[in-house]
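I opened my notebook for a new structure today.

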Amino acid sequence: MTASAQEARTVLCFGDSNTWGFNPDGGGRLPHDTRWPNQLEQQLNRRASGKAWRTIEDGLNSRTWLLDDPIGAARYGAQYSCSGRSGLMTSLHSHKPIDVVILALGCNDCKDYLNLSAEQIADGARILIHDIRSALNCGPRERPDQPPCIVLMTPPLVTITAQSLNWGFAGADTKSQALARRYLQLADELELLAFDVQTVATASSLDGIHFDSQAQSAIASGLADLIAQI
């Protein structure tokens with residue numbers, strides 16, 4: 001068997017703190033095997049009849065679609081840009097060849113001080129989707145000139161808690177719900193896959209933003225069902 005035939009298919013999980021694995025109890029990062037990108041790899045490989053799968057975790061706390069949020073980054077020493085677009089192309093070229101990209105952003109864009117509507121947030125998604133489709137030779141090993149398959153994942157349904165208000169999420173409960181609907185419309189318009197995480201997992205009541213350890217397997221299972229159809 002050739003080396004290319006043995007090479008695992010790659011799923012790039014590009015998202016925010018819910019991709020990074022932020023623990024809603026304030027205890028730092030969830031364990032490696034608990035986080036949904038790594039559970040996704042396990043589930044895909046259990047179902048695989050051919051090539052194996054590997055997932056790449058590229059989650060960043062406070063990451064948005066387009067905006068650099070210095071207020072959000074200040075919680076981490078203001079040491080990086082929160083703009084997803086600023087890091088996407090580097091991530092694509094670092095991890096190519098790539099079969100699937102899961103875009104899991106938009107929650108942080110719902111912060112009240114960023115003053116973005118659901119439509120404007122979805123426009124950020126549209127731009128990164130275009131970037132992926134125009135990235136040079138970042139697609140699957142067999143056809144690198146073809147773009148990776150894209151899965152647009154909705155943000156969680158934000159709930160208002162003392163912690164979410166402290167982070168700037170006033171009004172994000174209604175905005176995140178509207179945003180999920182807009183993502184589904186955008187995915188249909190651009191002919192890509194959509195995963196509505198709000199139908200399978202609920203943000204923890206501890207902070208209203210992040211998924212706890214119990215939600216991780218449901219997210220991974222739903223994504224595995226979707227990707228297995230590709």
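My entries follow, one topic at a time.

**Ground rules**

I am working with a predicted model, where local features need pLDDT of at least 70, side-chain atom pairs count only at pLDDT 80 or more, and totals for chains, interfaces and linings use all residues. Residues are numbered from 1 along each chain as its sequence is written, and side-chain values use heavy atoms, with hydrogens and water left out.

**Entry 1: the sheet**

I started with the strands. Helices (H or I, at least four residues) and strands (E, at least two) are DSSP runs, numbered from the N terminus. Two strands pair if DSSP finds at least two bridges between them. In general, strands of a sheet pair through backbone hydrogen bonds, either parallel or antiparallel.

In what order do the 5 strands of the open sheet stand? I read β2-β1-β3-β4-β5, with parallel pairing. β2 (53-59) and β5 (193-195) are the edge strands; each has a single partner, so one side of each has no neighbour in the sheet.

Next I took the pairs one by one. β1 and β2 run parallel and are joined by 7 bridges. G15 has G59 of β2 as its bridge partner. β3 (residues 100-104) pairs with β4 (residues 149-153) over 4 bridges, also in the parallel sense. Across that pair, V100 faces C149 and L103 faces L152.

I then checked burial. Buried means under 20% relative accessible area, exposed over 50%, partly exposed in between (1.4 Å probe, protein chains only). In β4, 4 of the 5 residues are buried. In β2, the count is 5 of 7.

**Entry 2: helices on the sheet**

Which strands does helix α3 lie across? I found that α3 (residues 36-47) lies across β1 (9-15), β2, β3 and β4, and runs at about 170 degrees to β2. Helix α5 (residues 84-95) packs on the sheet too, touching β1, β2 and β3, at about 165 degrees to β1. Contact here means heavy atoms within 4.5 Å.

I compared lengths next. The expected span of a helix is 1.5 Å times one less than its number of residues. The 12 residues of α3 should span 16 Å, and its end C-alpha atoms are 16 Å apart, which agrees. α9 has 15 residues and reaches 22 Å, close to the 21 Å expected.

The buried residues of α3 include W36, L40 and L44. They belong to a buried set that packs against β1, α2 (17-20), β2, β3, β4 and α9 (213-227). In α9, I219, L223 and I227 are among the buried residues. The buried residues of α9 pack against β1, α3, β2, β3, β4 and β5.

**Entry 3: cysteines**

How many disulfides does the structure hold? I counted 0. A disulfide is a pair of cysteine sulfur atoms within 2.5 Å. The sulfur of C13 is 13 Å from the closest cysteine sulfur, in C149, so the two are too far apart for a bond. C82 is in no disulfide either; the nearest cysteine sulfur, in C107, is 13 Å away. C13 is buried at 1% relative accessible area, and C82 is buried at 0%.

Is H210 buried or exposed? H210 is buried, at 4% relative accessibility. I found H210 in the loop between β5 and α9. Its side chain makes a polar contact with the side chain of S17 (2.7 Å) and another with that of D207 (2.7 Å). A polar contact is a pair of N or O atoms within 3.5 Å; within protein, one must be able to donate a hydrogen and the other to accept it, and residues adjacent in sequence count only if both atoms are side-chain atoms. Beyond four places in sequence, H210 touches residues including F22, P24 and W167.

R63 sits in the loop between β2 and α4 (70-73). R63 is also buried, at 6%. A polar atom of its side chain lies 3.0 Å from the backbone oxygen of G15. Leaving aside neighbours within four places in sequence, the contacts of R63 include D16, D58 and C82.

Technical notes
Axes fitted to C-alpha atoms, helices over the stretch in contact; angles between N-to-C directions.
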